[in-house]
2 protein chains.
Amino acid sequence: MSQAVADHLIAQKDAILDRLMALLRLPSVSTDPAYAEGMEATRAFLLNRLTELGLENVRLLDGGGQPAVYGEWLGAPGKPTIVVYGHYDVQPPDPLGLWVTPPFEPSIRDGRLYARGASDVKGSTLIAVETIGAFLAVEGGCPVNVKFFLEGEEETGSPSIRRIIETHRELLAADAVLSADGGRASTSIPTLNTGSRGLCKLEVTLRAAGKDMHSGRYGGAVRNAIHELSRLVSTLHDAQGRILVPDFDSDATPLTNRDRADAAELAGDDGAFFAGPAALPHGDPLYSVRERVTLRPSIDVNGMWGGYTGAGSKTVIPAEAHAKITARLVPGQDADRARQRIVDHLRAHCPEGVVLEFSPPGGNSPSSTLPDGHPLLVAAEAVVREAAGRAPARARIGGTLPITGIFQEMLGIDTLMFGYAMPDEDVHAPNEFFRLSSLEDGLRGWPALLSRLGGQDAAAFAPWRKAPTA
Amino acid sequence: MSQAVADHLIAQKDAILDRLMALLRLPSVSTDPAYAEGMEATRAFLLNRLTELGLENVRLLDGGGQPAVYGEWLGAPGKPTIVVYGHYDVQPPDPLGLWVTPPFEPSIRDGRLYARGASDVKGSTLIAVETIGAFLAVEGGCPVNVKFFLEGEEETGSPSIRRIIETHRELLAADAVLSADGGRASTSIPTLNTGSRGLCKLEVTLRAAGKDMHSGRYGGAVRNAIHELSRLVSTLHDAQGRILVPDFDSDATPLTNRDRADAAELAGDDGAFFAGPAALPHGDPLYSVRERVTLRPSIDVNGMWGGYTGAGSKTVIPAEAHAKITARLVPGQDADRARQRIVDHLRAHCPEGVVLEFSPPGGNSPSSTLPDGHPLLVAAEAVVREAAGRAPARARIGGTLPITGIFQEMLGIDTLMFGYAMPDEDVHAPNEFFRLSSLEDGLRGWPALLSRLGGQDAAAFAPWRKAPTA
């Protein structure tokens with residue numbers, strides 16, 4: 001049944017490409033109020049297309065910022081209900097001078113479609129939209145119930161997404177999320193994203209005196225808050241960059257052979273990885289670079305300040321110094337516990353009399369994982385295996401996916417990233433592009449995935465659902 | 001001859017006290033433009049008084065900021081020419097609510113004259129002015145040639161003093177400087193200030209990458225500039241606060257028994273010293289607290305910053321971090337060499353690939369010392385010995401006296417601090433006061449000192465003069 005839908009989509013792919021180019025001509029830059037008209041036009045385009053394709057209850061969900069575009073088809077009782085996530089906003093196109101062709105005039109060269117938003121993520125979003133439309137046109141219905149949630153603020157950190165979901169919690173109730181954003185970790189190897197690192201954060205204020213002192217009067221005889229905080233920061237890692245915080249990751253799930261094999265397959269070119277930001281390799285030599293940034297935790301001081309930071313010099317001995325610290329967490333690690341281990345470690349190394357204060361706990365996120373046996377993973381692996389002739393490598397990403405965590409917290413459901421963008425497509429940079437071959441791959445992959453998900457009842461998802469925590 | 005002058009001054013001390021109170025009523029706060037009228041009135045007061053007393057060429061020396069008040073008496077050919085330094089500006093009086101009586105309404109309680117500027121330094125400045133006037137009135141002349149230089153910007157860091165001296169280098173040519181500011185280091189022991197620590201400074205920029213990175217993508221595999229700079233800062237001192245920079249003070253003159261005996265006599269109450277700013281004692285246990293802050297060098301990071309320092313958190317791995325560092329230096333230490341030792345040490349501890357940049361050298365000042373045998377020191381020690389019945393303890397101060405260095409650099413001459421303020425008189429704080437007994441002590445001490453200085457020819461100062469270096 002999905003084959004007929006895929007064939008229908010492929011037959012129409014020139015029209016779909018034309019439609020994608022029309023969508024890419026609309027400059028939907030969410031960060032810059034100058035593009036308000038482009039945002040408005042893009043919403044109108046999507047509302048119109050969802051309606052044309054036969055979605056119901058098509059509307060905007062407003063949370064006080066850029067509204068999300070919603071549309072549903074709920075004609076498959078007993079089948080899973082899937083939130084289909086995408087976003088219609090794009091990054092600013094600057095610096096304009098570096099684009100070979102203008103960012104909002106889509107241009108095809110060598111099998112690549114160049115335009116701002118082509119890869120991130122209008123291409124994959126339109127694949128999802130057109131797929132549902134094709135099911136309704138060809139089959140008169142979809143294998144699963146669908147609720148589109150197309151965000152307009154992904155590139156600005158989703159400031160109102162929690163309010164939107166909070167206001168429309170019942171409307172958005174579902175069994176799982178399929179995201180058109182994210183997913184392919186390699187240009188040469190079939191991959192599936194199965195999780196992301198978590199995050200915990202703390203801000204430290206260190207006090208070594210009641211007030212700043214003059215080094216002419218006190219220099220040589222008192223503790224200096226910057227010296228003390230520097231010493232504490234330098235106890236977090238050894239000279240090779242290994243974390244020294246005791247028990248920090250003693251609850252982490254040990255890496256499996258499969259984890260390491262997948263990481264090895266996805267290793268890529270470490271030289272190019274470091275050359276991009278002109279960074280210096282560091283970290284635990286027992287792990288490969290890809291393992292360090294995806295399968296192992298990390299701790300970074302993101303900001304530090306104290307004393308006089310203006311022009312010229314001032315002979316002050318600072319009483320206070322500050323640091324912002326975040327840690328990336330791996331499966332098994334409890335985020336609050338990890339934060340507490342860092343706090344405990346800093347306190348243990350703090351000399352008597354020096355006072356440490358920490359920002360209130362909160363805002364920590366655990367890592368996320370689609371575990372073996374999860375219906376989203378089973379279906380997606382089968383689809384990729386069929387398309388690629390081999391099982392996909394499982395890729396974890398080193399970052400923390402905000403929407404994954406938000407859907408988990410607020411709706412209690414898991415997300416599968418199933419976008420068709422590839423990691424080299426210059427998203428957030430000039431000359432962003434999307435491969436035309438990916439458009440075709442997506443128009444085959446999405447029907448196959450929805451069919452497989454529809455092969456089971458909603459009840460199959462029940463064991464994996466959790467109570468919302470926010 | 002000085003006795004007659006002193007007797008004359010003491011006989012007039014009520015009138016001099018009245019005059020001091022009139023001077024203290026003029027609110028000469030140099031930092032705040034709201035007090036421009038007070039500054040103007042104070043200058044008029046001093047110009048008038050110097051003229052009344054018979055000084056010549058009385059005028060303002062303008063360097064673009066608050067002008068200095070100048071007046072001279074040059075009727076002692078062959079005798080030393082002495083710049084008499086004082087300052088007529090005062091600290092702001094805030095917080096006003098903590099004053100028992102208003103800061104610009106002088107009030108006498110328990111033998112103390114309370115007012116802003118009483119101790120710092122209108123009291124001692126007026127002692128110097130009245131002393132010269134008494135010599136002219138009683139003796140018809142002064143034992144030495146005198147050039148008053150009464151600054152109006154001491155409390156704002158003397159922003160235009162170099163321009164004033166540069167413009168009037170010939171007018172200010174002299175054999176030595178006598179300062180009414182600074183000098184007494186104890187309320188119970190007679191002391192003479194014989195020197196101050198020097199200063200060298202550097203600003204470090206550390207680069208660990210070409211650009212900031214995202215910890216979701218790079219966390220765990222790259223060097224973090226803040227971690228690296230923290231590690232470098234923590235190599236400057238050991239856990240007890242001892243400097244670890246090799247050869248940093250290998251050129252310092254070893255402490256003499258006399259140095260240590262003077263420091264021991266002046267040790268004071270260490271508990272109260274630390275309690276003031278609620279500071280934590282630290283530093284080389286082989287030296288007493290007073291030795292650490294006056295006779296030993298120190299290194300302090302005065303400011304440090306890098307990465308994200310705004311509200312909330314940002315998961316950035318900073319590419320750059322910065323520190324401002326100054327060191328206090330002791331006799332024998334070459335200031336440029338000391339700075340270079342810190343630079344060398346930081347470079348030696350910097351991992352390969354991490355880039356350090358340092359602000360251009362310059363602006364370093366050596367320590368200053370009035371050496372044994374210097375005519376200023378010989379005369380002053382004799383005066384204090386006569387008045388107190390014992391030799392004064394020699395006190396070095398831990399700070400760097402800007403005017404001492406500036407007069408040395410620009411005029412090539414040494415300065416003796418010979419003020420009568422005491423260290424507990426709450427300068428820069430509410431309820432500043434000056435002891436009435438100090439007024440009387442000063443009205444005896446200054447005539448004695450000028451007489452002794454006039455006991456020798458200008459030629460006696462020639463061996464101690466240096467060529468200006470700026």
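Pro430(B) is located in the loop that connects β17 (415–417) and β18 (433–435) of chain B; strands (E, at least two residues) and helices (H or I, at least four) are DSSP runs, numbered from the N terminus. This is a predicted model, in which local features need pLDDT of at least 70, side-chain atom pairs count only at pLDDT 80 or more, and totals for chains, interfaces and linings use all residues. Residues are numbered from 1 along each chain as its sequence is written, chains are lettered from A and ligands numbered from 1 in the order in which they are written, and side-chain values use heavy atoms, leaving out hydrogens and water.

**Surroundings of Pro430(B)**

- Pro430(B) counts as buried because its relative accessibility is 19%, the limit for buried being under 20% relative accessible area (exposed over 50%, partly exposed in between; 1.4 Å probe, protein chains only).
- Leaving aside residues up to four places away in sequence, Pro430(B) touches Pro95(B), Leu98(B), Trp99(B) and Arg116(B), contact meaning heavy atoms within 4.5 Å.
- Val384(B) lies 46 residues from Pro430(B) along the chain, and their C-alpha atoms are separated by 30 Å.

**The six-stranded sheet**

- In chain B, six strands form an open sheet of mixed pairing in the order β1-β2-β6-β3-β7-β17; two strands pair if DSSP finds at least two bridges between them.
- The edge strands of this sheet are β1 (56–61) and β17 of chain B, each pairing on one side only.
- From one strand to the next, the twist averages 20°, where axes are lines fitted to C-alpha atoms (for helices over the stretch in contact) and angles run from 0 to 180 degrees between N-to-C directions.

**Strand pairing and the helix**

- Strands β3 (residues 81–87) and β7 (residues 176–179) of chain B run parallel and are joined by four bridges.
- Tyr85(B) has Ser179(B) as its bridge partner in β7(B).
- Helix α13 (residues 402–411) of chain B lies across β3, β6 (145–151), β7 and β17 of chain B, and runs at about 160° to β17(B).
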